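Work through the exercises below with the sequence and the structure at hand. Each task is followed by a solution in steps.

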Number of protein chains: 2
Amino acid sequence: MKVVIIGGVAGGATAAARLRRLDENAQIIVLERSGYVSYANCGLPYYIGGTIQNEKALTLQTPESFKRRFNVDVRVQNEVLAIRPEQKSVTVRRLSDGTTYEESYDKLILSPGAKPVRPNLPGINHERIFTLRSVEDTFRIHRFVEENAPKRAVVVGGGFIGLEMAENLTHLGLSVTVVERLNQVMSPIDYDMACGVHAYLKDKGVSLFLGSSVEGFEPADDGLRTILDKGRTLTSDMVILAIGVTPETHLAKEAGLRLGQRGSIAVNDRMETSIPDIYAVGDAVEVRHFVTGSETLIPLAGPANKQGRIAADNICGRDSRYKGSQGSSVLKLFDMTVAATGINEDAAKKAGIEYDKVITFTASHATYYPGASNMTVKTLFDPQSGKVLGAQIVGFEGVDKRIDVLATAIRAGMTVYDLEELELSYAPPYSSAKDPVNMAGFAAVNVLDGTVKQYHWHDVPALPKDGSVTLLDTRTDEEYARGHIDGTLHIPVDVLREHLSELDPSKPVYVNCQSGLRSYIACRILSGHGYDCYNLSGGWRFYDLVKQ
Amino acid sequence: MKVVIIGGVAGGATAAARLRRLDENAQIIVLERSGYVSYANCGLPYYIGGTIQNEKALTLQTPESFKRRFNVDVRVQNEVLAIRPEQKSVTVRRLSDGTTYEESYDKLILSPGAKPVRPNLPGINHERIFTLRSVEDTFRIHRFVEENAPKRAVVVGGGFIGLEMAENLTHLGLSVTVVERLNQVMSPIDYDMACGVHAYLKDKGVSLFLGSSVEGFEPADDGLRTILDKGRTLTSDMVILAIGVTPETHLAKEAGLRLGQRGSIAVNDRMETSIPDIYAVGDAVEVRHFVTGSETLIPLAGPANKQGRIAADNICGRDSRYKGSQGSSVLKLFDMTVAATGINEDAAKKAGIEYDKVITFTASHATYYPGASNMTVKTLFDPQSGKVLGAQIVGFEGVDKRIDVLATAIRAGMTVYDLEELELSYAPPYSSAKDPVNMAGFAAVNVLDGTVKQYHWHDVPALPKDGSVTLLDTRTDEEYARGHIDGTLHIPVDVLREHLSELDPSKPVYVNCQSGLRSYIACRILSGHGYDCYNLSGGWRFYDLVKQ
Ligand SMILES: Cc1cc2nc3c(=O)[nH]c(=O)nc-3n(C[C@H](O)[C@H](O)[C@H](O)COP(=O)(O)OP(=O)(O)OC[C@H]3O[C@@H](n4cnc5c(N)ncnc54)[C@H](O)[C@@H]3O)c2cc1C
Ligand SMILES: Cc1cc2nc3c(=O)[nH]c(=O)nc-3n(C[C@H](O)[C@H](O)[C@H](O)COP(=O)(O)OP(=O)(O)OC[C@H]3O[C@@H](n4cnc5c(N)ncnc54)[C@H](O)[C@@H]3O)c2cc1C
Ligand SMILES: CC(C)(COP(=O)(O)OP(=O)(O)OC[C@H]1O[C@@H](n2cnc3c(N)ncnc32)[C@H](O)[C@@H]1OP(=O)(O)O)[C@@H](O)C(=O)NCCC(=O)NCCS
Ligand SMILES: CC(C)(COP(=O)(O)OP(=O)(O)OC[C@H]1O[C@@H](n2cnc3c(N)ncnc32)[C@H](O)[C@@H]1OP(=O)(O)O)[C@@H](O)C(=O)NCCC(=O)NCCS
């Protein structure tokens, strides 16, 4: 059997390694356009920022090591120009000398990845505008920074790569401005959760232009001008363009493979394309969303690796199925961690999936043990069954742990009742006897079973101001004095029982505290005395962050 | 409704808080023998060691704050002397003045916890021998250390509390010796996994006497002598006795409640005891083991908290069930983390549960990003279905995360096939595209489906030495030179294909490398050439650690 693989990184290299482990006799050829295989795409920003100093660390394998260990014929700087399914061959160009050749295959795996989106804007080809995907791109940016000592950078795009670059360029001493077309960074999380990230970015000295489109670029005496809509401009010494990626699928298209969304390659759950003996994996393919069940693009390294392994399994006669992607992802942003899994509110709305949500704010570990910090957890669940649909967490320590627990719960089809019961490991340096994930479960079940009714920051503006409802703030005097929702009555939870007479029992009470915990207790007190009441999910803190 | 709760800490205080939230009108009385409620048992060792400096941090609530927030009548230094189920009352002694009174109840919750085992050994009452359970115990030890500036401590017992105390006393500058009756510390993990902990403890300057029983104590001129079996003695300035806990159930016993193992209180899944209207929770009760299904004792704070909440729910007319404990636990030991969930080999054997196991050694995050360290993961699974039965991890960064993911997987009834598929969040500072949990899944499935056969460190001594099998070490020259299994042939994996002629195809080959990964690849190469071969699970590294 002769297997040809196009693309030698996450999906392709993994497929090659697994293929060899399953079949010692197959002939395996990896064709890779760039000068490197098995490179650490995800580490590239950190090489630029200097956290990773050894450029050798960026490649996990070389063609030589791949040959030695796996007896795989890896050909870098070999670009596939065309796939000829009828002949079962590919046309390849040696980039070193421009010559081409045909390579036949019994089985073909496509793992060409995705390329940075580069819109056709005026001035887009200016030499100070960079995208980041390959090792070559990385060296280019690295060299530019070394040689030109830029002082100001504009990063277009507030997604993973944009923000990682913002952090790394800040580390290098540049003053960085992030421009984002949407009104938020990090689209895997909802706007309200992103607000905490916006505040943090500003705190770290990164300027943010949200809701701003880039309309073009022009040279400037002192660098490069980025032209935004509404006539604003930003002058900088360099621009990083990180507005997303688009599947690298012209080969697939020209070969007549069935395509999916946004030009991606359509595959079944065995990673087979529409043409026999051709498999495709990684950023280039359309996947089924594990939660919504609909087709989508989720360009991440974990799925690419898994899909590569599954394609190899199937080629070697096993039956291995990819059950979909759920978009588990995590970003380090200076000391902050932003993570998500499953669907967010936007995705739920688009998919027409009914959901309810709770926002909890819980310590990463026992508060009496030094170093704990709070994380904001938003959990989406099915309002009937309680099935967990998605989660987003913004915080510092321990965010990655909780998102992985929640990702596992979603995979298992668990409900918020199950989250209550999860027995997670506890010692003071690591968690609390009620872990943040348990806490999200408690809060959600209390909503599901009617123990408490809640309202959200976005409900506040619509609350009647005609005196027909009571707004109640249950925080301490100091907290209240630092800021509160207009028109709220102020009774700290610890004296609420004595002050009940001040609350009109015929009016619904909208209660808030700082995080939602004390106001939940207040709601239970009020309910016990016959009041109709509502708890502000996420509390004043979350409301205030979003409102800012 | 009048609810009386005996014990005001993890189970009791949580039950009280939840009761109040569910029933604003109930009369709730908490009777607590010690001078404190809602204290952080788990934080006590860190107060002694100075990591927690503020003694106020040790109590999450006071009787006053409990009254204000929850309208709960908390009576510290009130010890219950007897339960009278016929009268539905308890007899209480005020420890301040020794007077007693009767308190009636409609519902009674027992959460008296467990007390440190104090065997009846000669000299056991020496004033320099301490146990640690309450805040008072903590202050006693703290004061002793301040006033006497001890230089040497003996810690009897190598479990959680013993090792936490060993760490904290070391931080204070004491020279610490741990004495443990078993041949290993930390019984939630197996002997082979504990070997890594032993080596680390020695490295941290803690002396270990394993397999040593304490037979008594006697005063010595320069302190206190701990007498071990085999006539050895250890002289020190203080002794911490931490050889386990025993349920505090004399009240329950005297009241005629049905008891379980080791004098614990038997309860059903609603936390009801054998006598109507009496509930029991926490360290005092017997629980069903989530994995084995049999009754056991698992004295941990997470279960105690959950059970307290469940008892409160049921008392308030809800139907809430405790589905069992799985023993998820974690220990910080200097910079090391030791964690477990589900069952270990010992427990599987005792329960007569068939299992297979894999040992993997995987980086906490992408190795090209600074700061990664490896963790040893032992995963037990059902050899037919692949269901995950238990996991143990010893390592540094990210151990608590992986044990919690595995704990969630066990709760969900997941198999090792599911572990392969878990989509966990990945960015270089947090994990790898193949997370350690995925890796455990891959390795286990390869064993399950016959892709590789394995052998273990304990199989090595029994391997025939008559030349009928080949032992093959596939590491590099340097690694091999540093130590290897006697009688192994040495061929690095990367040149194995060229040296196949040196291996007799008629003999089974027992392959090893450092961690098990390269030897797995070697096994696949050998299998492809028709050899019958076996991979050393955990590799030379694990074998060598255990052998030492
Ligand atoms: C800067 C950066 C940071 C990232 N950070 C993360 C992260 O933290 N977490 C995460 O999950 N994901 C991250 N990703 C995404 C992750 O790298 C991708 O999801 C993953 O690499 C996709 O694997 P793939 O095999 O589909 O494509 P790639 O890994 O991109 O490999 C495709 C290869 O195919 C080659 N190729 C394309 N066309 C041809 C052709 N015609 N002939 C020959 N070769 C061809 C390309 O040169 C390329 O090397 C990051 C990506 C980048 C760029
Ligand atoms: C030093 C230490 C460290 C620990 N570390 C951890 C850890 O890291 N992780 C973990 O999960 N668990 C840990 N634990 C265990 C955890 O604290 C217990 O599992 C948990 O507290 C049990 O809760 P409980 O309510 O059953 O008992 P407790 O919390 O012990 O509360 C019982 C209370 O009842 C009172 N009482 C007993 N009898 C009577 C009576 N007759 N009348 C009135 N009052 C009475 C006692 O004074 C006591 O305050 C640790 C325990 C200790 C001592
Ligand atoms: C380097 C690369 C080729 C390695 O691929 P790989 O060999 O499949 O992956 P690993 O080295 O992690 O090894 C995993 C294999 O070892 C096995 N293994 C790991 N530890 C083991 C152990 N202790 N015992 C037995 N087997 C073990 C696993 O089961 C798996 O084998 P399988 O797939 O046959 O089941 C590939 O990961 C790569 O190119 N990565 C870089 C590109 C990339 O991923 N970029 C995006 C992220 S930055
Ligand atoms: C202090 C103590 C009395 C608090 O008990 P508690 O009020 O039940 O627990 P918490 O303060 O964590 O609050 C949890 C409650 O707040 C709710 N909650 C938490 N965050 C919330 C939010 N943002 N919005 C709404 N509700 C929230 C939870 O749903 C839960 O309520 P529920 O049980 O009615 O569902 C108890 O935990 C205790 O005594 N602890 C110390 C002893 C101990 O555990 N020792 C061993 C470990 S060291």
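A polar contact is a pair of N or O atoms within 3.5 Å; within protein, one must be able to donate a hydrogen and the other to accept it, and residues adjacent in sequence count only if both atoms are side-chain atoms. The model is predicted, so local features need pLDDT of at least 70 and side-chain atom pairs pLDDT 80 or more, while totals for chains, interfaces and linings use all residues. Residues are numbered from 1 along each chain as its sequence is written, chains are lettered from A and ligands numbered from 1 in the order written, and side-chain values use heavy atoms, without hydrogens and water.

**Exercise 1.** Find which polar contacts hold an oxygen atom of ligand 1 to G11(A), A10(A) and S111(A).

Step 1. At G11(A), a polar backbone atom is 2.8 Å from an oxygen atom of ligand 1.
Step 2. For A10(A), a backbone N or O atom lies 3.4 Å from a ligand 1 oxygen atom.
Step 3. S111(A) uses its side chain: a polar atom there is 2.7 Å from an oxygen atom of ligand 1.
Step 4. The protein buries 96% of the 990 Å² that ligand 1 exposes when taken alone (Shrake-Rupley method, 1.4 Å probe; for residues, only the protein chains shown count as cover).

**Exercise 2.** Describe the surroundings of ligand 4.

Step 1. Ligand 4 lies between chains A and B.
Step 2. It is surrounded by 33 residues, with Y520(A), R18(B), R21(B), S38(B) and R309(B) the closest (a residue is near if one of its heavy atoms lies within 4 Å).
Step 3. Oxygen atoms of ligand 4 are 2.5 Å from a polar side-chain atom of Y520(A) and 2.7 Å from a side-chain N or O atom of R21(B).
Step 4. α1(B) gives the most to this shell, with 6 residues (helices are DSSP runs of H or I, at least four residues, and strands runs of E, at least two, numbered from the N terminus).

**Exercise 3.** State how chain A is superposed on chain B.

Step 1. The superposition takes a rotation of 180° with 0.0 Å of shift along its axis, at RMSD 0.0 Å (least squares on the C-alpha atoms of residues with pLDDT of at least 70 in both).
Step 2. The two copies are thus related as by a two-fold rotation axis.
Step 3. Since 100% of the interface residues of chain A are also interface residues in chain B, the copies meet through the same surface (contact means heavy atoms within 4.5 Å).
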